[in-house]
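Welcome! Take a look at it, then read on.

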Amino acid sequence: MYIGCNSFSESISIKNTLATISNFINSAIINKMLNIFKQRCLQVFHCLEREAVTGGETVLVDGFQCAEKLQKEDPSAVKTLSTVAQECAYIEPNVCYKWTDTVLASSKLDGTLLEKVRFNMYDRTTRPPLCATRDVNRFYRALKRFADLTQDRENQLLLTLTPGVVVFIDNWRVMHGRTGFSGKRVLTGCYVDSDEFNHACRRANVIP
């Protein structure tokens with residue numbers, strides 16, 4: 001039912017974009033780890049320790065809401081992020097995932113309903129986006145505008161995780177990060193296969 005498990009604290013290496021320190025914009029917030037699994041998953045965070053912490057709020061951003069706002073503002077930007085793929089990588093000692101995908105992806109059933117957001121500024125490789133040279137600037141403008149929306153406080157939910165609190169998020173929709181902090185903050189987490197989770201909920205009559 002679960003895929004992988006890890007714990008992380010303030011001492012984690014900057015290479016681990018799942019858990020690290022600050023963002024590319026001056027808000028001390030990191031964005032979500034891109035979905036390295038092909039299947040849809042729930043990402044789980046469990047706070048184990050929080051001692052003398054100042055700051056360190058968990059930040060959640062609804063990627064679908066950001067995409068909806070971008071659609072109203074600039075439909076061509078959404079089209080660009082839905083059609084131009086970029087190469088990304090997640091590299092740690094003895095770990096090397098690479099994948100190529102668009103930032104936004106619609107359902108294959110109707111082609112219009114947004115199904116997936118894969119966004120992380122840290123995990124992009126140096127390879128240019130997969131488009132014609134004349135379209136590269138257009139892609140980066142669209143990516144920058146989407147990034148700006150994720151950094152807008154109006155689009156962010158801040159939570160203070162305390163020991164015993166567990167948070168589940170849809171990793172194809174919700175971006176996560178944290179604010180800067182001092183003190184000791186330790187979390188553990190894992191990925192849970194969405195089909196297995198929904199199966200268990202149906203058996204318990206939680207969902208139809």
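Helix 1, covering residues 63-73, packs against helix 2, covering residues 75-83, at an angle of about 130°, and their axes are 5 Å apart. Please keep in mind that this is a predicted model. Angles over 145 degrees would count as roughly antiparallel and those from 65 to 115 as roughly perpendicular, so helix 1 and helix 2 are oblique to each other.

Which residues make the contact? On the side of helix 1 they are Ala67, Leu70, Gln71 and Glu73, and on the side of helix 2 they are Pro75, Ala77, Val78 and Leu81.

Three strands form an open sheet in the order 8-3-10, and the pairing is antiparallel. Strand 8 (156-159) and strand 10 (174-178) stand at the edges with a single partner strand each, so one side of each has no neighbour in the sheet. On average, neighbouring strands here are turned by 25° against each other, direction ignored.

Strand 3 (residues 58-62) runs antiparallel to strand 10, and five bridges join the two. Helix 1 comes back into view here: helix 1 lies across strand 3 and strand 10, and runs at about 45° to strand 3.

## A hairpin

How many bridges pair strand 4 with strand 5 (residues 95-102)? There are eight, and the pairing is in the antiparallel sense. Within this pair, tyrosine 90 stands opposite tyrosine 97 in strand 5. The two strands form a hairpin with two residues between them, and asparagine 94 in the turn has a positive phi of about 65°.

Strand 4 (residues 85-92) is mostly covered, with seven of its eight residues buried.

## A closer look at serine 194

Our last stop is a single residue. Serine 194 is found in helix 4, which spans residues 194-203. Is serine 194 buried or exposed? Its relative accessibility is 9%, and buried means under 20%, so serine 194 counts as buried.

What surrounds this residue? Apart from neighbours within four places in sequence, serine 194 is in contact with Arg40, Cys41 and Leu42. The side chain of serine 194 also reaches the backbone nitrogen of cysteine 41, at 3.5 Å.

Notes. Residues are numbered from 1 along each chain as its sequence is written. This is a predicted model: local features need pLDDT of at least 70, side-chain atom pairs count only at pLDDT 80 or more; totals for chains, interfaces and linings use all residues. Side-chain values use heavy atoms; hydrogens and water are left out. Axes are lines fitted to C-alpha atoms, for helices over the stretch in contact, and angles run from 0 to 180 degrees between N-to-C directions. Helices (H or I, at least four residues) and strands (E, at least two) are DSSP runs, numbered from the N terminus. Angles under 35 degrees count as roughly parallel, over 145 as roughly antiparallel, 65 to 115 as roughly perpendicular and the rest as oblique. Contact means heavy atoms within 4.5 Å. Buried means under 20% relative accessible area, exposed over 50%, partly exposed in between (1.4 Å probe, protein chains only). A polar contact is a pair of N or O atoms within 3.5 Å; within protein, one must be able to donate a hydrogen and the other to accept it, and residues adjacent in sequence count only if both atoms are side-chain atoms. Two strands pair if DSSP finds at least two bridges between them.
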